[in-house]
Amino acid sequence: MKYDYLIVGSGLFGSICAHELNKKGFKILVVEKRNHLAGNIYTQENNGIQVHKYGAHIFHTNNKLVWDYINRFAEFNRFTNSPIANYKGKLFNLPFNMNTFYQLWGVKTPDEAYRKIEEQKKVFHIEKPRNLEEQAISLIGKDIYEILIKGYTEKQWGRKATELPPFIINRLPVRFTFDNNYFNDKYQGIPIGGYTQIIVKMLEGIDVKLNTDLFENKQKLLDSAEKVIFTGPIDEFYDYQYGALEYRSLLFENEIINEPNYQGNAVVNYTEYEIPYTRIIEHKHFDYVETEHTVITREYPKDWKIGDEAYYPINDDKNAKLYKKYKELADRETRIHFGGRLAEYKYYDMHHVIDSALKFIDNLKL
Ligand SMILES: Cc1cc2nc3c(=O)[nH]c(=O)nc-3n(C[C@H](O)[C@H](O)[C@H](O)COP(=O)(O)OP(=O)(O)OC[C@H]3O[C@@H](n4cnc5c(N)ncnc54)[C@H](O)[C@@H]3O)c2cc1C
């Protein structure tokens, strides 16, 4: 047996595990089925612009340990996520804050805005929301729901808001200040030079095989190490024996444009249903780079089937029950561990993954 650990997947979870275990002196092999490192945080340079190939990734956290940890691998800039919503050609600031309320209703004080929202919420007398539409209106009122939530959510989920369960929206944060910062976290930014370098640094000195799918050589690869950390889809590992866990997927349409500034902001959401994409990302605004050209990506939500890229887990009862069955199988394994967003069937932000990977390594008590 050549390796102490086989790590399947070079995303953030697998790479942190590889890095930490390598530091402890273990011999590691990382296999990655894609032709590049870094999983979904992969960024690829296009003449000076770092393109986020699997959707816009903005790092944010309240956890100082996590922030200090990731800063060991890259310097971060001061990017603050302040998305714009475009509804039928009109622009609104997000998240919902005093700027948005002024743009919607002309209200100028927090008190006026508060009263306007309360008035809107009351009109429909919804006591027990039966679907997402009723839930959103009961939380925020009709105008914001119809202009900024309805079309976007219906595109995202591929279903009418009246057919979606209310729990998808538990809370709709509103801010009665003129503050367009999307996140409330203490730390936020984008690594200068992109995310891929972080993973490259983590994996320095470690054996890595790209274009290597575990399932094309499963037994041989599993036998090449004493222990295994698997970060791919848990249902695939067990050959979908109870059926496939469901996801929503995305299609990214990239365009290079010969002008320096296309939309003046990194993220513009398109909230009307009739426009098929949910947002346009203009990558250069994450890095404040000056180039003669720009790269934009239109993001189209789509249904998922086995073989497609899995992006957002569908956390309803049916999938929760199915995941539990796979988790029971995983818990019985003695030398195979499962971690990361696909193996745990969980929507994880990057800071969650870092926290979870570091705790996982601690719990191995090596
Ligand atoms: C559209 C989108 C936008 C996001 N934006 C943000 C954001 O703004 N901020 C934020 O904090 N988080 C964001 N995230 C979340 C972030 O992408 C994840 O937290 C993180 O990438 C998860 O890392 P991971 O290692 O668990 O999974 P992954 O990055 O998916 O890594 C798993 C790796 O395993 C490989 N693999 C799978 N199966 C096999 C196999 N059979 N053999 C070999 N290799 C295999 C895959 O190819 C992949 O490289 C976003 C996610 C999405 C989908």
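These legends go with a set of views of one predicted protein model.

Local features are kept at pLDDT of at least 70 and side-chain atom pairs at pLDDT 80 or more, while totals for chains, interfaces and linings use all residues. Numbering runs from 1 along each chain as its sequence is written, and side-chain values use heavy atoms, with hydrogens and water left out.

**View 1. The fold as a whole.** The protein chain has 12 helices and 16 strands (DSSP runs, H or I of at least four residues for helices and E of at least two for strands, numbered from the N terminus). Its C-alpha atoms fill a box of roughly 70 × 50 × 35 Å along the principal axes.

**View 2. Inside and contacts.** Of the 366 residues, 55% are buried, meaning under 20% relative accessible area with a 1.4 Å probe, protein chains only. Take the contacts (heavy atoms within 4.5 Å) with a separation of 6 or more: 72% of them join residues 24 or more positions apart.

**View 3. Lysine 284 in its helix.** Lysine 284 sits in helix α10, which covers residues 284-287. Leaving aside residues up to four places away in sequence, lysine 284 touches Ile49, Pro260, Val289, Thr291, His293 and Thr294.

**View 4. A buried charge.** What is the nearest side chain of opposite charge to lysine 284? That's glutamate 282, 5.7 Å away. Lysine 284 is buried yet has no salt bridge (a side-chain nitrogen of Lys or Arg within 4 Å of a carboxyl oxygen of Asp or Glu). For charge, Lys and Arg count as positive and Asp and Glu as negative, with His and the chain ends not counted.

Terms used:
Buried means under 20% relative accessible area, exposed over 50%, partly exposed in between (1.4 Å probe, protein chains only).
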